[in-house]
Amino acid sequence: MADINTPTKPIHLQERWCSLISSEFYAQGDDEKRLGMAVEQFMDRDSPNLARLQVGFMRNLVAPLYNGYAAAGLLPGRREKRGLGMSSEEDAQAVEADSEREPALKFVSPVLENLQDNYKIWEARLLEEQVEEQRERFRYVAKTAALKALKRMGLDSSNLDVMVGDNEASAKDS
């Protein structure tokens with residue numbers, strides 16, 4: 001578990017390790033490019049997918065393993081009564097009303113809490129990246145369509161970047 005435990009650390013440590021590992025991956029990708037080889041996914045510094053890598057790593061490898069260890073009692077932590085999502089008094093009344101059912105216990109561990117928190121952080125970053133990718137696609141489609149329309153009408157397209165909101169291209173031209 002030593003090789004895969006960084007997502008279970010506090011976020012500042014997890015991000016630091018993630019940076020170190022991605023630098024190693026990118027160096028491998030650079031070597032692959034230099035040798036004329038196809039660059040493996042997540043190894044290309046020109047197309048970073050760090051958030052996607054972290055979300056997939058946590059979802060498909062780390063979480064199942066650590067949840068298994070927790071279920072087997074092999075992680076530090078404690079079992080607590082699971083609330084029913086109501087106030088403490090309402091929880092107690094609901095449990096008393098259902099005397100045949102024992103209150104469910106949940107395993108609480110700082111390791112699993114860090115994993116869950118980090119997963120949420122990386123998932124939010126992935127969503128932000130996906131939204132930005134969609135914006136970029138929209139800008140490209142809008143710009144391409146506008147160029148074609150202006151060309152068909154025989155109009156000047158020199159101010160197109162300003163018209164479609166491509167601030168980067170406008171700033172470069174200034």
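Visitor: What volume does the largest pocket have?

Guide: Start with the general idea. Rolling a probe the size of a water molecule over the atoms shows where empty space is left. On a 1 Å grid over the protein atoms alone, a pocket is an open set of points with protein on both sides within 12 Å along at least five of seven lines. A cavity is a set of points where a 1.4 Å probe fits but cannot get out. Lining residues have an atom within 4 Å of a point. Grid points are joined across faces, edges and corners, and a volume is the space filled by probe spheres set on the points. Here the largest pocket has about 290 Å³. It is lined by 14 residues, and the closest to its centre are Asn-67, Phe-107, Leu-112, Glu-113 and Gln-116.

Guide: A word on the source: this is a predicted model, where local features need pLDDT of at least 70, side-chain atom pairs count only at pLDDT 80 or more, and totals for chains, interfaces and linings use all residues. Residues are numbered from 1 along each chain as its sequence is written, and side-chain values use heavy atoms, with hydrogens and water left out.

Visitor: Which elements each supply at least two residues of that pocket's lining?

Guide: Helices (H or I, at least four residues) and strands (E, at least two) are DSSP runs, numbered from the N terminus. For the largest pocket, the elements are α2, β2 (105-108) and α4 (110-153). The whole protein has six helices and two strands. Their order along the sequence is α-α-β-α-β-α-α-α.

Visitor: How many cavities of 30 Å³ or more does the structure hold?

Guide: One. The largest cavity holds about 40 Å³ of space. Its lining is Ser-22, Phe-25, Tyr-26, Phe-42, Pro-48, Asn-49, Leu-50 and Leu-53. Six of these are nonpolar, two polar and none charged. Helices α1 (11-34) and α2 (50-71) each supply at least two lining residues. The most come from α1, with three.

Visitor: Which residues make a nonpolar surface patch?

Guide: Patches are made of residues with over 30% relative accessible area and no salt bridge; like charges are joined within 9 Å, nonpolar side chains (Val, Leu, Ile, Met, Phe, Trp, Tyr) within 5 Å. Areas come from the Shrake-Rupley method with a 1.4 Å probe; for residues, only the protein chains shown count as cover. Here Leu-13, Trp-17, Leu-20 and Ile-21 make a patch of about 350 Å². Trp-17 sits in helix α1.

Visitor: Why does Trp-17 count as partly exposed?

Guide: Buried means under 20% relative accessible area, exposed over 50%, partly exposed in between (1.4 Å probe, protein chains only). Trp-17 is partly exposed because its relative accessibility is 47%. Of the 174 residues in the protein, 25% are buried.

Visitor: How many salt bridges does the structure hold?

Guide: A salt bridge is a side-chain nitrogen of Lys or Arg within 4 Å of a carboxyl oxygen of Asp or Glu. There are ten. One of them pairs Arg-78 with Glu-80 (2.8 Å, N to O).

Visitor: Where do Glu-132 and Arg-135 lie?

Guide: Both are in helix α4, three residues apart, about one turn. Arg-139 and Glu-136 form another (2.4 Å, N to O). This pair is also three residues apart in α4, so about one helical turn separates Arg-139 and Glu-136. Shared partners join Glu-132, Arg-135, Glu-136 and Arg-139 into one salt-bridge network.

Key: Ala, Val, Leu, Ile, Met, Phe, Trp, Tyr, Cys and Pro count as nonpolar, Asp, Glu, Lys and Arg as charged, and the others, Gly among them, as polar.
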